[in-house]
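Open the model in your viewer and keep the selection panel handy. We will go from one stop to the next, picking what to select and looking at what is there.

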Amino acid sequence: MTFYLCFPLSRTFQKGSINFSQIQSSIEITVASLEAIPEENKALSRLKSDFEEGGRFHFLSSDISITERVLERASTVQVKYVTKLVENIHNRFDSVSPHS
């Protein structure tokens, strides 16, 4: 899911010619989308429901259990990953930002 949120920024650099006025807005959109991931918690909610009765992976629920501890750990990893990704985007682009 995180990969798809970086598409606007990636597309900006994949175009034949770069419109520098679009870079800043692409960065802002990407960062805002990434920062919303832990707040929305959609991926972890979907994971949990996938293993519940009627979920996509219910047939595996006897082998794999998605406990609250697993969800808490996944949430912690997700927050660290997203935080580092946003930090890397800022480190890479803040020096070229017209607002810096």
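Begin by selecting helix 4 (residues 42-50) together with helix 5 in this predicted model. Their axes come within 10 Å and cross at roughly 155°. Which way do the two helices run relative to each other, parallel or antiparallel? The cut-off for roughly antiparallel is an angle over 145 degrees, and helix 4 and helix 5 therefore count as roughly antiparallel. If you turn the view to look through the pair, note that the crossing is right-handed.

Helix 5 covers residues 68-93, 26 residues in total. From first C-alpha to last it reaches 37 Å, close to the 38 Å expected at 1.5 Å a residue. Now show side chains for its buried residues: Leu71, Gln78, Val82, Val86, Ile89 and Phe93.

Next, select residues 20-40, which form helix 3. Its 21 residues span 31 Å between the first and last C-alpha, close to an expected 30 Å. The buried positions here are Ile23, Gln24, Ser26, Ile27, Thr30, Val31, Leu34, Ala36 and Ile37. Step just past the end of helix 3 and click on Asn41, where phi is positive, at about 60°.

Which residues make up the largest nonpolar core? Select Leu9, Ile23, Ile27, Val31, Leu34, Ile37, Val82, Val86, Ile89 and Phe93, and you have its 10 residues. In soluble globular proteins, nonpolar side chains tend to be buried together.

Zoom out to the whole protein chain.

For the last stop, colour by pLDDT. The mean over the protein chain is 80, and 83% of the residues reach 70 or more. Where is confidence lowest, and where is it highest? Helix 1 (residues 2-5) has the lowest mean, at 60, while helix 5 has the highest, at 90. Where pLDDT is low, the predicted coordinates should not be read in detail.

Technical notes: Residues numbered from 1 in each chain as written. Heavy atoms only, no water. Helix = DSSP H or I, 4+ residues; strand = E, 2+ residues; numbered from the N terminus. Expected span 1.5 Å × (residues − 1). Buried < 20%, exposed > 50% of the residue type's maximum accessible area, 1.4 Å probe, protein only. Core = buried A, V, L, I, M, F, W, Y, C linked by side-chain atoms within 4.5 Å. pLDDT = per-residue confidence, 0-100. Axes fitted to C-alpha atoms, helices over the stretch in contact; angles between N-to-C directions. Parallel < 35°, antiparallel > 145°, perpendicular 65-115°, else oblique. Left-handed = near helix turned anticlockwise from the far one by under 90°.
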